[in-house]
Amino acid sequence: MAQAGSPRRQERLTRIVAATSLAFSLVYIVWRWGWTLNTEALWFSVPLAVAETYGLLTAFFLAFTAWRLKERAPKPPLRGRTVDVFVTTYDEPIGIIRKTALAARELRYPHHTWLLDDGKRDEVRALATELGIGYLRREGREHAKAGNLNHALRNTLGEFILQLDADHVPLPHMIDRLIGHFDDERLAFVQSPQDFYNTDAFTYDVNVRQRRIWEDQQLFFRVLQPGKDRVNAAFFVGSCALIRRAAVEEIGGFATETITEDIETSLLLHARGWRSAYVAESLAYGLAPATARAFHVQHLRWGQGAMQVLRRYRPLFMPGLTLAQRIAYLDSLSTYLGGFQRLILYLAPVVFFTTGTFPLQVSGAQFAIFFLPYISLQLLSFKLLARGHGSLLLADRYAMAKFFTHVLAVTGYLTRKRLAFRVTPKGENQVPLSTVAPQFTVAAVTGLSLLWAVWERTRGYTDEIPGWGASAFWVNVVFALWNGGVAWHIMQLSLGGRRRRSEHRFAEALALSVRVFRTDGKLTATDVGVTENLNPAGLALRTMYPMPEGARVEMTLPLQTRAVEVRGRVVHHGTTATQFGTVHLHGIAFEGLDRESRDAIEMHCAHHAMPIERQRYREGGLTARGVLRRLRDLRAVPRLAVAIPAHVAIGSNGSVRALGVGLLEDVSPRGGRVLLDHPVGEGSLLTLSIPGSAVQASGRVVAVRALETSLGTRFMAGFE
């Protein structure tokens, strides 16, 4: 089945290009081994050829997996089934656990929520009591997360288990969207994507102006898992999955032989003939690794666990698996060997510049005849197979970030000792210098070797390194500058990071009226504004009037669940000049917020604000269509982002109806775009007036987009 929204012709083109690329890549690799090796420097030539051969293997795995993506249509939920929701926790901050536990309790499908506390903390027990949910604690910590889950299995009775990590906040309809697929009695589990709400994390790249978002695991969850599902090889990823208890009990519980209980459990289930399913719908939002250190801790555990599974089970020869499943598991488990490939490619220019040795025994023209079509087809094949979710530049950036962590992961294959299960750190902001030592080494060694080569050629000390006119010299200069630049960028990204709040602020546009008070308690002004972001600690508010820092304010938040009265103080004030006047941005910290109101804000943000915001972004890197759009923007007058509150009215059939306050997002000489809480019809006359100014604008609605969540709907209206 072709991917939704993708014409069959494009899918056919994708497969033709992928097959052509694989065929030419095979020819190229045969040519490299048979006719290009430098026999006088096999110590250099052979490793480089091995690295390129590994690239052919990964290209085959991608084409095999992404050849056709399986899409599962929603099914009506099965009724009358019993479900236990397991929330596993160890040392996460109590605020993170509370958010997940509260959302788990509010799941609509009848269920019983359990906090599985491996940290043995009394405050977690008290939280469970306060929320009226189950609490389980065990003696010891044998087998870490898998042991915690197995202890819960022995103490609960639900036919199905929804597994959630402590930081993954489920949407209210999560069970309803998954449980219908269990009409297949041999289905062991249904996996949904792991999506994240902290888009300021290390793993994210966000372009606000273009409304584009990319995350390190996006290709896996949007392309690879649906591709694996086609051959019944989608695997459990440790959270956001609904699992049949009988299936797990048949294999003796969650697997405990490695530190990656998820893929190990999946492998054992598939080998027993159980089926799996993947639903490509975001049904929970969690915390991505916020820092480079957390990123490396997570990837090292995944890599070491994958190596353990590879050594113990040898999936290519494991009984009970189909050939397609064997290939799918080998793909997933061997991906961490790519760290060695990257290491070889990063060191190749260094070896060339320091020794003068070139790994090929062919002319530059001969090499170009084979290499240029090979690399062009590989890049085009990747872009097409990624279905818009792949970014070559960003993927290369994160390959640099984790290459040495993947090299270290091989210890999972070599050691026979039981490895410690290291929980991905949550809520930290500090990154030690040792985290970027591999990237610093690449940048320093590459830069020094290039300077050495230039010095040698300039001074004429040696003839070992080809001179300025040699193509080999300039090819290696390009690769050296690229590798050094990417390594330096990762160092900056890791150590400089992004400014993060202690509690994530969710982008949210709520129209509200603000009451401003003097220090003696007297009301001084009432203003209309639109929130820019929100969390239980405070909000940012955009208005057309200034409010002084220190001013006390009161307002009513029109949340999707209920209206919440809040009080606070203005702790920050800034201004932005627009063509409609000066917009004032105020930071407001809440004061005296009760627990019930805090929970209401928390759930509104997680269940409504986050899904709405994600719908307004395009996923993936810049596609060919995106390049054309950017070129059109260069020719036309671009839209100007204004993000100001505006009174909105709609006219139809001679009548005018006020819609309240909306957010005017951007404008151009041709029109604009406004975010509303109420629907409008295309062709209607839209009128906007800016508070605090005489500015009015009107135009015909030419496009309306509904942004829906399980709690409500917002509307994006474009007008001319």
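I began with T156, which touches D84, F86, W114, L136 and R245, leaving aside residues up to four places away in sequence; contact here means heavy atoms within 4.5 Å. I note that this is a predicted model, in which local features need pLDDT of at least 70, side-chain atom pairs count only at pLDDT 80 or more, and totals for chains, interfaces and linings use all residues. Residues are numbered from 1 along each chain as its sequence is written, and side-chain values use heavy atoms, with hydrogens and water left out.

**Entry 1: T156**

I placed T156 in the loop between helix 5 (144-154) and strand 4 (160-165). Helices (H or I, at least four residues) and strands (E, at least two) are DSSP runs, numbered from the N terminus. I then asked: is T156 buried or exposed? T156 is buried, at a relative accessible area of 5%. The classes are buried under 20% relative accessible area, exposed over 50%, and partly exposed in between (1.4 Å probe, protein chains only).

I next looked up the polar partners of the T156 side chain. The side chain of R245 makes a polar contact with that of T156 at 2.7 Å. A polar atom of the T156 side chain also lies 2.8 Å from the backbone oxygen of A152. A polar contact is a pair of N or O atoms within 3.5 Å; within protein, one must be able to donate a hydrogen and the other to accept it, and residues adjacent in sequence count only if both atoms are side-chain atoms.

**Entry 2: positive phi**

I found phi of N232 near 55°, a positive value in a residue other than glycine. N232 sits in the loop between helix 7 (218-229) and strand 10 (241-244), and is buried with a relative accessible area of 19%.

For R314, also a residue other than glycine, I found a positive phi near 40°. R314 belongs to the loop between helix 10 (292-313) and helix 11 (323-334). R314 is exposed, with a relative accessible area of 56%.

**Entry 3: strand 26**

I asked how many of the residues of strand 26 (residues 713-719) are buried. Six of its seven residues are buried, and the strand is mostly covered.

I then traced its pairing; two strands pair if DSSP finds at least two bridges between them. Strand 25 (residues 696-708) pairs antiparallel with strand 26 over seven bridges, and a hairpin of four residues joins strand 25 to strand 26. L707 stands opposite R714 of strand 26. Strand 23 (residues 671-676) also runs antiparallel to strand 26, joined by five bridges. There, L676 has F715 in strand 26 as its bridge partner.
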